[in-house]
There are 2 protein chains.
Amino acid sequence: MPPAPFVRSGKSSRTTDSPISYFIQKAIENPGLVSFAAGLVDEGSLPVEEVRATAAEILSDQLAGQAALQYGSTQGLTALREQVLKLVCDADGVTPADVNLTAADVCITTGSQQLLYLVGEILFDPDDIVITEAPSYFVFHSLLQSHGARVLTVPMDADGMRTDELEALLDRLRRSGELPRVKAVYTVDYFQNPTGLSLSVERRKKLVELVRRFSTDHRILILEDAAYRELRFTGDDLPSAKRFDTANEYVIYTSTFSKPCAPGLKTGYAIMPPDVMEAVLHLKGSHDFGSASLSQHIASRLSASPAYARHAEELRGVYRHKRDVMLKALETEFADFPAASWTVPAGGFYVWLTLDGIDTGTTSPLMAAALEAGVLYVPGECGHVADESGCVPNNEIRLCFGVATPEQVTEGIRRLRKACAALSGSKKKVVAKV
Amino acid sequence: MPPAPFVRSGKSSRTTDSPISYFIQKAIENPGLVSFAAGLVDEGSLPVEEVRATAAEILSDQLAGQAALQYGSTQGLTALREQVLKLVCDADGVTPADVNLTAADVCITTGSQQLLYLVGEILFDPDDIVITEAPSYFVFHSLLQSHGARVLTVPMDADGMRTDELEALLDRLRRSGELPRVKAVYTVDYFQNPTGLSLSVERRKKLVELVRRFSTDHRILILEDAAYRELRFTGDDLPSAKRFDTANEYVIYTSTFSKPCAPGLKTGYAIMPPDVMEAVLHLKGSHDFGSASLSQHIASRLSASPAYARHAEELRGVYRHKRDVMLKALETEFADFPAASWTVPAGGFYVWLTLDGIDTGTTSPLMAAALEAGVLYVPGECGHVADESGCVPNNEIRLCFGVATPEQVTEGIRRLRKACAALSGSKKKVVAKV
């Protein structure tokens, strides 16, 4: 007789499998697939030699080695926090004092994902509200579901989140009496996952101004996810929204060494207001009382060395090339397919492909045809939340050029076009819900 | 004008600073202190050379290096999960098949602390009940407070948790109608933190039998924290409680490479029933979608090498010696102090000192005198929860010999005795609350 079931907490009951598991499973089952689904980094350009040299340097020195192998603090290695502060302030063209920051305002986490989780955990009770871009990072949506938060969205255009629409939404929420439930605005403002779009400078200023203005009875925080910032291919770096939060009151800025260095170190970081920091650290103390020390020691030493900047520059070249290959393949393959349009990202990993009138969902004929042709993508619907009528936009596709080789990128787009052709050929009725 | 406060979630409001922060702060302020407070490992015996050689081996091979620096899976590296299964089953003298286990029942976490948090998170809604030993691991109490769980306790004797008392408690809870809220029994059954006591084999069997018997309408889980298992100084290893859960239904077994190898890798693991695993992995996907890969690759290769067993043997020698030094110092210094009695641990890091009639609490005269004399300890009250009348036993001390050198151990006990003397000399009235 099987044992009685255990009784799950409310949070566990709200937590379902991430949609990404489905795609990982598909990729495992079909090793010949070209995967545009996984947000992995390019294998060949991982800094194996740089990490080897750095680890050897640390572990050849008995005292440095002992420090790297002992427990660290919950907040993270001081030298790394100082280095992070310098990296971010340098990128923003300010001194820490200009923006009222010190290394005490920085914490190190197990990837930036852990920071997103912790911030969600300190803020959201069921039915609290978070505002995101539409579409947004789907793993963030999964964790919001765990916390029971309600997601309201703001549309995007070529300049990122429409801050005029955000203002209108906040106004509506104030009038309906729901403003007290609004805890945060989440933005992936550099080469967004999934669209590849960035928030313009004017809108960054406007965003900070808006949360400040609407924070009358309680503070509304901005969670600025800058994970892809260092992977810019064209144009100049943009100042962060954090840059305009000069008293360190409203913006939690998070990023990671996973993209510009190595995911295997699983070392992310965040800069945040002191009262938010206190709440985050109390919970992180219960989670793990500190992320892996060895990774932090490696990230600290490596990010302070010239090898780091060299490597980031090399990476930008690698991903720029893969983006160019993907855009060229799209132009070649989809020239005769007027339903298709796509974004041209200035950095990051993602192209957002719209196929007007074609259902791209997980159970759609297109997905079946794509798998048959040997290519995997993430349906755009994963990044959307349902509107009041329960509808989700479902004629978009996230294409990640992070892990595929240039040859695979070309071949994958060819296969995707073939899948679209198979669809038209099959004369199946295709109805987009939106 | 300062900004409006942000509004914390219920969980954040329940989460306070860990008491350990106070002791860390004290240690930083007084660098001359001998600290018996921090549960850190011995610095000199950290396997710096072994980790250096293993990291070099991995990172000198381009493909192995890339795998270690890429993202991993949420559940953890397969080779490491297989290695963990072998280590635990070998220690228990069974094959995986004997106890219905495969590597799919193992997951890797950011230290065993993360596993404790995740299990708490999937199980506890506010006012759910967990049963622990009295006293128990105080960081676990902190995380239970975050989840809002109620802690009920069972007394211990030289053979660990009194299972007859556990049975009586479960019976009372059944009669009072509270059994449905009992989600788990937590035990640190090898050289317990904080007492150093272990659970006898007979009681391990009894524990599994009890949760099975009381799991009529819902399953009550055992959370077996075996963090110190590999640090046995004397006697034979005991089979785990998991060993007696032969269908893999009731026991979550967790341990870590932090103690027998290096905390800096922050790599823990757990073996658990499939339905519990599913719930844990869904949440871990939201927390971080997998712990640091590089640490896992190092732990995997190192734990499969002869260097690992050699190192564990060496560590047992190091800690056995420090325990002996501490016990000798206690005998020497406290021979003329009849109020003092202490445990003799067969492994681990902790001696539990009872000072009959003396308040040892954080704000007690003894703590002040100890700091004055230059020694730091964790008050026993940190490991206790208040009974119905709000009282907490407060005449005990946790002494950790993990990080202090043998010379510091001797000196620290001398200082502690001096603090006790200062106390008697000061003629202050000392009233123990219990």
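Residues count from 1 along each chain as its sequence is written, while chains are lettered from A and ligands numbered from 1 in the order in which they are written. Because the model is predicted, local features need pLDDT of at least 70 and side-chain atom pairs count only at pLDDT 80 or more, but totals for chains, interfaces and linings use all residues.

Reader: Which element of chain A gives the most residues to the side that touches chain B?
Author: Let's begin with the contact itself: 74 residues of chain A meet 74 residues of chain B, where contact means C-beta atoms, placed from the backbone, within 7 Å. Elements giving two or more residues on the chain A side include α1, α3 (48-59) and α11 (293-303); helices (H or I, at least four residues) and strands (E, at least two) are DSSP runs numbered from the N terminus. With 8 residues, the top giver is α10(A).

Reader: How many residues on that side of chain A are charged?
Author: Ala, Val, Leu, Ile, Met, Phe, Trp, Tyr, Cys and Pro count as nonpolar, Asp, Glu, Lys and Arg as charged, and the others, Gly among them, as polar. The side of chain A that touches chain B has 32 nonpolar and 28 polar residues, and the charged ones number 14.

Reader: How far apart are the centres of the two domains of chain A?
Author: Domain 1 covers 10-46 + 309-426 and domain 2 covers 71-305, with bounds from an automatic or database domain assignment. Their contact takes 30 residues from domain 1 and 31 residues from domain 2. Taken over C-alpha atoms, the separation of the centres is 25 Å.

Reader: Which strands sit at the edges of the sheet in chain B?
Author: The sheet is open and mixed, with 8 strands in the order β2-β9-β8-β7-β6-β3-β4-β5; strands pair if DSSP finds at least two bridges between them. An edge strand here pairs on one side only, and that picks out β2 (106-110) and β5 (160-161) of chain B.

Reader: What is the bridge partner of B:Asp225 in β8(B)?
Author: Strand β7 (residues 221-225) and strand β8 (residues 251-256) of chain B run parallel over 4 bridges. For B:Asp225, the partner in β8(B) is B:Thr254.

Reader: How many residues of helix α11 of chain B are buried?
Author: Buried means 20 or more other C-beta atoms within 10 Å of a residue's own, exposed means 12 or fewer, and partly exposed lies in between, with C-beta atoms placed from the backbone. The buried residues of α11(B) include B:His297 and B:Arg301. The helix (residues 293-303) is largely enclosed by the rest of the structure, because its buried count is 11 of the 11.

How values were computed: Contact = placed C-beta atoms within 7 Å.
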